[in-house]
Amino acid sequence: MTLRVVHEAGPWRVEMAPGLGEAVVIAFASIGHDLTRMPSPEFVGSATQGGRRALFVMDRARSWGTGAGFAEALRAGLEAAGPARRILALGSSMGAVAALRAAALVPVDAVLAFGPQSRLDDPRWSALTQGLPPPPALPACWTVLCHGLADDAAQAAGWPERAGVDHLLFPGIGHSDLAAHLKAKGGMQGLGDAVCDGDRRRLLRIAGQAGAVQRRKVGMPPLLTDGFVR
């Protein structure tokens with residue numbers, strides 16, 4: 001898959017995969033493995049499945065979507081992608097928070113967020129997040145949150161429960177292992193496709209097959225919500 005840079009300014013880079021169809025996926029990168037370099041595009045395979053158009057947003061400053069120029073980068077990417085009937089924002093960890101922020105800045109029909117932080121003083125990322133604003137409120141569009149309970153129960157509990165949000169919990173799975181777990185279970189692609197298509201029934205079926213439980217049905221384990229799990 002050859003990606004084309006359609007916007008680069010300050011810490012932001014937006015790359016595009018051209019395609020067909022009425023949907024556009026905006027995939028936001030996480031912090032990556034080398035903090036001295038620009039993160040790499042993420043979710044390339046699932047975002048472009050079936051020839052979909054996709055944008056890949058990367059942030060060298062690791063600002064969790066708060067850096068100057070974020071809105072301009074999003075708008076430039078969407079202008080390059082062209083008109084869309086449906087726009088999905090997708091990301092993991094820092095990228096998931098950026099996807100949630102994006103929904104307040106550009107028209108987004110749904111957000112699929114893997115392991116988004118509900119608070120940024122978690123010791124796992126505090127060296128990068130000191131001084132940053134808190135994560136955003138949940139957007140008005142259909143929002144799917146996914147958290148592994150092995151080490152992200154406190155982060156999951158920090159997000160409010162409300163209509164229009166499907167919060168999927170994965171017992172025994174860690175923050176860094178969630179995407180790999182879903183891929184191994186054959187669920188990553190299906191979740192993205194279901195959200196792109198607005199098919200909630202399919203989403204919940206695929207998530208359940210991958211071991212997810214719905215937060216509104218089971219509640220949060222109380223012993224795991226009192227502070228961060230280290």
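**View 1. Ser118 sits in the loop that links strand E6 (110–114) with helix H4 (126–129).** This close-up, like the others here, comes from a predicted model. Is Ser118 buried or exposed? Its relative accessible area is 15%, under the 20% cut-off, so Ser118 counts as buried. A polar atom of the Ser118 side chain lies 2.7 Å from the backbone oxygen of Gln155. Setting aside neighbours within four places in sequence, Ser118 touches Pro135, Ala154, Gln155, Gly158 and Trp159.

**View 2. Helix H7 (residues 188–197) packs with helix H8 (residues 200–209), their axes coming within 8 Å.** The two axes cross at roughly 165°. Because that angle is over 145 degrees, H7 runs roughly antiparallel to H8. The crossing of H7 past H8 is left-handed. Which residues meet here? From H7 come Gly190, Leu191, Asp193, Ala194, Val195 and Asp197, and from H8 come Arg202, Leu203, Ile206 and Ala207. Sorted by class, the contact between H7 and H8 holds six nonpolar, one polar and three charged residues.

**View 3. Here we look at Asp197, a residue of helix H7.** With a relative accessibility of 56%, over the 50% cut-off, Asp197 counts as exposed.

Technical notes: Residues are numbered from 1 along each chain as its sequence is written. This is a predicted model: local features need pLDDT of at least 70, side-chain atom pairs count only at pLDDT 80 or more; totals for chains, interfaces and linings use all residues. Side-chain values use heavy atoms; hydrogens and water are left out. Axes are lines fitted to C-alpha atoms, for helices over the stretch in contact, and angles run from 0 to 180 degrees between N-to-C directions. Helices (H or I, at least four residues) and strands (E, at least two) are DSSP runs, numbered from the N terminus. Angles under 35 degrees count as roughly parallel, over 145 as roughly antiparallel, 65 to 115 as roughly perpendicular and the rest as oblique. A crossing is left-handed if the near helix is turned anticlockwise from the far one by less than a right angle, and right-handed if clockwise. Contact means heavy atoms within 4.5 Å. Ala, Val, Leu, Ile, Met, Phe, Trp, Tyr, Cys and Pro count as nonpolar, Asp, Glu, Lys and Arg as charged, and the others, Gly among them, as polar. Buried means under 20% relative accessible area, exposed over 50%, partly exposed in between (1.4 Å probe, protein chains only). A polar contact is a pair of N or O atoms within 3.5 Å; within protein, one must be able to donate a hydrogen and the other to accept it, and residues adjacent in sequence count only if both atoms are side-chain atoms.
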